[in-house]
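Trainee: I have just opened this one and would like a walk through it. Could we start with the ligand and then move on to the domains?

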Amino acid sequence: MSENVIDLQESNGIARLTVNRPKALNALNDEVITALGKALDSLEANARLRAVLLTGAGEKAFIAGADITRMREQTPREAQAFARRALETIKRLERLPVPVVALVNGFCLGGGCELALACDWAVASDNAVFGQPEVQLGIIPGFGGTQRLPRRVGPAMALDLITTGRKIDAAEALRIGLVNRVMPQAALDDYADELAGQLAGNGPQAVGAAKRAVYDGMEQDVDSALALETNLFALCFAGDEQAEGMAAFVEKRPAIF
Ligand code: HXC
């Protein structure tokens, strides 16, 4: 197995995960999913972690999808096992208690778009291209796209993209709410550092609780979800962060979490 299909670097609580198969436009195969799982073992165990940036190596692609040359040979049972394993790993990324930002630096197609959808944030370069072209290959999205895309952009636009397989540019991705920001490619890394610093400066317990309230709440009826929010809100008052955040406001100084 290639050792470096995922590159993980960390500095000051900000981790950068890079899918590193640029010759295949960072297409996702079993090795990448396994390496992503190992990187997640390390991130989940890292108490200093404050934010994660996920990107693709090279200037052309974030991730151009699952590896078609591998999927081509799969039986239904093998395809099911591949999708299940990937989905479990992607869910772990989504469930990290810190903000995860997809830095979409080029083609973001199929499974690549589905991985970006499991991130809390998406920042795209102005040359990025998005799409769920699976039906053009005779399959459907299998890394969560049929579920996370309608939750992100609404069912009508999700069905538009999924049933046509059409590609959209970064401006349209911004307009439909698939991404949060669009930057010139040369400015993407600087913006990512600025954003990660901003995210990392907020109360980490509060940010983690906010993620839980949003994701767990979306899976519940609204009354249960509001009760969950109240409980998580109250829990914020049980730790040190609320005291520090509010003291800092009153003392007119930046909070130190
Ligand atoms: C395997 C891929 C790949 C992919 C690109 N490559 N995408 N290999 N799987 N998904 C490889 C090409 O074969 C080529 O290898 C090299 O990367 C460069 O790509 P080119 O096609 O030469 O580049 P270009 O002409 O610029 O076209 C870029 C592109 C095109 C538009 C992104 O590569 C493309 O359409 N790729 C497939 C996109 C796609 O359909 N994704 C969805 C996959 S299905 P060589 O060896 O020839 O240089 C999916 C399902 C997820 O993701 C769920 C699974 C359970």
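**Ligand and domains**

Mentor: A backbone N or O atom of A64 lies 2.9 Å from a nitrogen atom of the ligand, where a polar contact is a pair of N or O atoms within 3.5 Å; within protein, one must be able to donate a hydrogen and the other to accept it, and residues adjacent in sequence count only if both atoms are side-chain atoms. This is a predicted model, in which local features need pLDDT of at least 70 and side-chain atom pairs pLDDT 80 or more, while totals for chains, interfaces and linings use all residues. Residues are numbered from 1 along each chain as its sequence is written, and side-chain values use heavy atoms, leaving out hydrogens and water.

Trainee: Which residues come nearest to the ligand?

Mentor: Of the 23 residues around the ligand, those are K60, A64, A66, I68 and G111, a residue being near if one of its heavy atoms lies within 4 Å. The side chain of K60 has an N or O atom 2.7 Å from an oxygen atom of the ligand, and a polar backbone atom of I68 is 3.0 Å from a ligand nitrogen atom.

Trainee: Okay, where are the domains?

Mentor: Domain 1 covers 6–200 and domain 2 covers 204–250, with bounds from an automatic or database domain assignment. Their centres, taken over C-alpha atoms, are 27 Å apart.

Trainee: And how many salt bridges are there between domain 1 and domain 2?

Mentor: The count is 4 salt bridges, each a side-chain nitrogen of Lys or Arg within 4 Å of a carboxyl oxygen of Asp or Glu. E219 and K91 form a salt bridge through their side chains, at 3.9 Å from N to O.
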